[in-house]
Amino acid sequence: MATCFDSSIPLSRKPNSSQPENHSFNYMKFCRSSFFDHVTSIPICKNRENALHTRMILEEEDHDKDKDKDEDQDDEDEVEGEDLWLKMHEEAKLDVEQEPILSSYYYGSILSHKSLESALANHISIKLSSLSLPSSTLFDLFFAIFVENQDIMDAVKDDLRAVKERDPACISYVHCLLNFKGFLACQGHRVAHKLWLQGRKVLALLIQNRVSEVFAVDIHPGAKIGRGILLDHATGLVVGESAVIGKNVSILHNVTLGGTGKVCGDRHPKIGDGVLIGAGTCILGNIKIGDGAKIGAGSLVLKEVPPRTTAVGNPAKLIGGKDNPFKMDKMPSFTMDHTSHISEWSDYVI
């Protein structure tokens with residue numbers, strides 16, 4: 001009698017597909033392959049050639065199905081982006097119904113545009129223009145970069161969602177695009193950073209200067225910023241040339257990611273994914289703030305902060321102590337919880 005072992009249970013065929021976010025840290029699971037993983041599922045029989053041929057056909061069919069699924073996922077992602085722009089159109093129409101006096105403003109800013117790329121380029125170019133720097137020139141520059149760089153537009157959409165989800169003051173996506181200067185400053189930086197990488201440093205520095213003058217946000221065009229960023233209020237934010245900000249980071253106003261003043265080259269902080277940085281914080285030097293860490297408001301950070309820990313104070317200290325710091329189980333940049341466990345660190349009362 002032929003003996004068959006079933007090893008047909010597949011691993012995930014879409015490791016890069018989006019997964020439900022529970023705001024918790026997921027730990028990698030390591031598995032050791034069993035004996036059954038190495039044993040063929042083809043029966044031991046005389047017609048082995050036919051069995052092999054059948055298996056090849058089945059594998060080809062599975063491959064075609066996987067390819068179709070991947071294409072369907074790409075289509076879903078594209079529709080999701082389109083839905084965001086359609087949603088903003090609907091929000092704009094509702095706003096005009098409530099405030100007819102803004103009809104011309106909303107038409108010129110949102111409703112007359114066929115794409116998010118066009119509306120965003122138009123709005124930022126108007127904001128950053130001056131008597132000697134016409135908005136038409138800036139529009140052509142911004143629009144070309146948005147259209148030619150899908151990664152930038154993906155980051156823009158993630159930033160929109162980040163602001164809407166994390167900031168209770170944001171009432172709609174269109175409200176974010178039109179009125180949130182932290183969001184607009186971040187997108188201005190994305191364009192400046194692209195120009196910096198292209199070697200167009202004079203133009204990149206000009207955009208940095210205009211963003212600083214208009215939005216009071218000073219981000220060097222050499223700084224690297226991930227996607228899903230919330231710059232809440234944003235006034236007084238300063239980010240140095242060699243700073244790196246990871247994905248899904250939330251930063252409040254009057255934050256400085258600067259150097260120590262004594263070092264050249266790579267001299268600015270590296271902020272991990274999911275970090276929350278409170279208002280008035282200074283993080284100085286080429287130090288690492290680990291993934292999911294939280295920096296309390298008004299802190300001065302001069303040394304590395306481990307992942308998922310909370311640092312607060314001047315100079316900053318770890319909640320729970322250096323040897324056994326308290327570890328968070330949720331990303332603070334998502335929860336936007338600024339005070340948990342900090343009250344346990346100090347008995348100070350006004």
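Let's start with Arg 166, which touches Gly 228, Leu 230, Asn 248, Val 249, Ser 250, Ser 333, Phe 334 and Met 336, leaving aside residues up to four places away in sequence (contact means heavy atoms within 4.5 Å). Keep in mind that this is a predicted model: local features need pLDDT of at least 70, side-chain atom pairs count only at pLDDT 80 or more, and totals for chains, interfaces and linings use all residues. Residues are numbered from 1 along each chain as its sequence is written, and side-chain values use heavy atoms, with hydrogens and water left out.

- You'll find Arg 166 in helix H5, residues 150-166 (helices, H or I with at least four residues, and strands, E with at least two, are DSSP runs numbered from the N terminus).
- Arg 166 is buried but has no salt bridge (buried means under 20% relative accessible area, exposed over 50%, and partly exposed in between, with a 1.4 Å probe and protein chains only).
- A salt bridge would take a side-chain nitrogen of Lys or Arg within 4 Å of a carboxyl oxygen of Asp or Glu.
- The nearest side chain of opposite charge to Arg 166 is Glu 165, 5.5 Å away (Lys and Arg count as positive, Asp and Glu as negative, while His and the chain ends are not counted).
- The Arg 166 side chain does reach the backbone oxygen of Val 249, at 3.5 Å.

- Asn 248, one of the residues Arg 166 touches, has a positive phi of about 55° although it is not a glycine.
- Asn 248 sits in the loop between strand S5 (244-245) and strand S6 (250-251), and it is partly exposed at 26% relative accessible area.
- Ala 234 also has a positive phi, near 75°, again in a residue other than glycine.
- Look for Ala 234 in the loop between strand S3 (230-231) and strand S4 (237-239); Ala 234 is buried, with a relative accessible area of 1%.
- Asn 314 and Pro 315 are joined by a cis peptide bond, with omega about -5°.
- Pro 315 is in the loop between strand S14 (310-313) and strand S15 (316-318).

**The whole chain**
- The chain has 10 helices and 15 strands.
- Of its 350 residues, 42% count as buried.
- Among contacts between residues at least 6 apart in sequence, 48% join residues at least 24 apart.

Methods:
Polar contact = N/O pair within 3.5 Å; in protein donor to acceptor, adjacent residues only side chain to side chain.
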